[in-house]
Amino acid sequence: MGCGRDSNSNSSNGCVCDVVRAIKDIQDNAVDDECLDCPSCFLEPLGSLVSPARRDRADTRVFVLKNADGSPFHAFFSGETNACVSIFFRVEDVYDNCCATLRVLIPGRRDDNGRFIPVNLVAGGDRCCINLERVCQVDRFRASNDCITVDLNCFCAIQCIADVDLGLSD
């Protein structure tokens, strides 16, 4: 029994896998339709999580994965001076039996001059854990060049955070 899955389960795919597949389809088929209903990361067209009515073009649905203990899954990225860990992802591909390639997104905030400032999610003396107060400061994202391959069946929850334009669409 791996990744907290029940070995007697008749389902080959978990709900996290289904949602990530749906997000990938939504990103691949981004349209300019507006949707005024309550946003759902599983169903809504890309851009619907930005606000009740879409204002900006979006190419990415940012999400967080949760481990069995409820903690956010994290991965490393390179290229930033004071930050190298993120809990935010963009799905790039889903294949085989719920394996996925995820792009690690650089968490950030906008400074007073409108510039993107990376947020160090493991700030402080504790080097092993995500600082949740710092997570609350994140309101912007930038694509990294780092990806991670995961087994989506190993996660217990997914939370969609925002729809953003990272300039990654074809």
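# Exercises on a predicted chain

The model is a predicted one, in which local features need pLDDT of at least 70 and side-chain atom pairs count only at pLDDT 80 or more, while totals for chains, interfaces and linings use all residues. Residues are numbered from 1 along each chain as its sequence is written, and side-chain values use heavy atoms, with hydrogens and water left out.

**Exercise 1.** Work out how many helices and strands the chain has, and in what pattern they follow one another.

*Solution.* Begin with the DSSP runs, taking as helices those of H or I with at least four residues and as strands those of E with at least two, numbered from the N terminus. This gives two helices and eight strands.

**Exercise 2.** Describe how strands E4 and E5 are joined.

*Solution.* Two strands pair if DSSP finds at least two bridges between them. Strand E4 (residues 89-95) and strand E5 (residues 99-110) run antiparallel and are joined by six bridges, with Phe89 standing opposite Val104 in E5. Next, look at the connection: three residues lie between E4 and E5 in this hairpin, and Asp96 in the turn has a positive phi of about 45°.

**Exercise 3.** Find which residues have the most contacts inside the largest nonpolar core, and which elements supply it.

*Solution.* A nonpolar core is a set of buried Ala, Val, Leu, Ile, Met, Phe, Trp, Tyr and Cys residues joined through side-chain atoms within 4.5 Å. The largest one has 24 residues, and Val20, Phe63, Leu65, Leu102, Leu152 and Ile158 have the most contacts inside it. At least two residues each come from helix H1 (15-28), strand E1 (60-66), E4, E5 and strand E8 (157-164), and H1 gives the most, with five residues. Leaving aside neighbours within four places in sequence, Val20 is in contact (heavy atoms within 4.5 Å) with Phe63, Val91, Val94, Leu152 and Ile158.

**Exercise 4.** Explain why the pair of Phe88 and Phe141 is edge-to-face, and which parts the pair ties together.

*Solution.* Rings of Phe, Tyr and Trp (its six-membered ring) pair if their centres lie within 6.5 Å, and planes under 30 degrees apart count as stacked, over 60 as edge-to-face and the rest as tilted. The structure holds three aromatic pairs. The ring centres of Phe88 and Phe141 are 4.9 Å apart and their planes stand at 65°, so this pair is edge-to-face. Because Phe88 lies in the loop between strand E3 (85-86) and E4, and Phe141 in strand E7 (residues 140-151), the pair ties together parts that are 53 residues apart in sequence.

Definitions and conventions. Buried means under 20% relative accessible area, exposed over 50%, partly exposed in between (1.4 Å probe, protein chains only).
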